[in-house]
Amino acid sequence: MAYEDIYNGLTDEERERMIKADIPKFRTIGEANLSKEKLEQGEKDLLRLMEEFDNDSKNDIQ
């Protein structure tokens, strides 16, 4: 796949902005097929990390 092909489907403005920032377009390439329990645990872990990083950033300010 050519580098420019990853921007198909975007408006010209979105495409130019992403190219300037060197941000590739996100595409799902597969499925994880996780169980309900694994998905719930992943969500809990993500929320915990978000809270931890939020607290860290607040401590950096002080």
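Begin by selecting Arg 15 and Glu 16, whose side chains meet in a salt bridge at 2.9 Å, N to O; the term denotes a side-chain nitrogen of Lys or Arg within 4 Å of a carboxyl oxygen of Asp or Glu. Arg 15 is partly exposed at 25% relative accessibility, and Glu 16 is partly exposed at 37%. Here buried means under 20% relative accessible area, exposed over 50%, and partly exposed in between (1.4 Å probe, protein chains only).

This is a predicted model, in which local features need pLDDT of at least 70 and side-chain atom pairs count only at pLDDT 80 or more, while totals for chains, interfaces and linings use all residues. Residues are numbered from 1 along each chain as its sequence is written, and side-chain values use heavy atoms, with hydrogens and water left out.

Next, select Glu 13 and Arg 17, which form a salt bridge at 3.7 Å, N to O. Both lie in helix α1 (residues 12-21), 4 residues apart, about one turn of the helix; helices are DSSP runs of H or I, at least four residues, numbered from the N terminus. Glu 13 is exposed at 60%, whereas Arg 17 is partly exposed at 49%.

Move on to Arg 48 and Glu 52, which meet in a salt bridge at 3.6 Å, N to O. The two are 4 residues apart in helix α2, about one helical turn.

The whole structure holds 3 salt bridges, and the chain has 2 helices and 0 strands.
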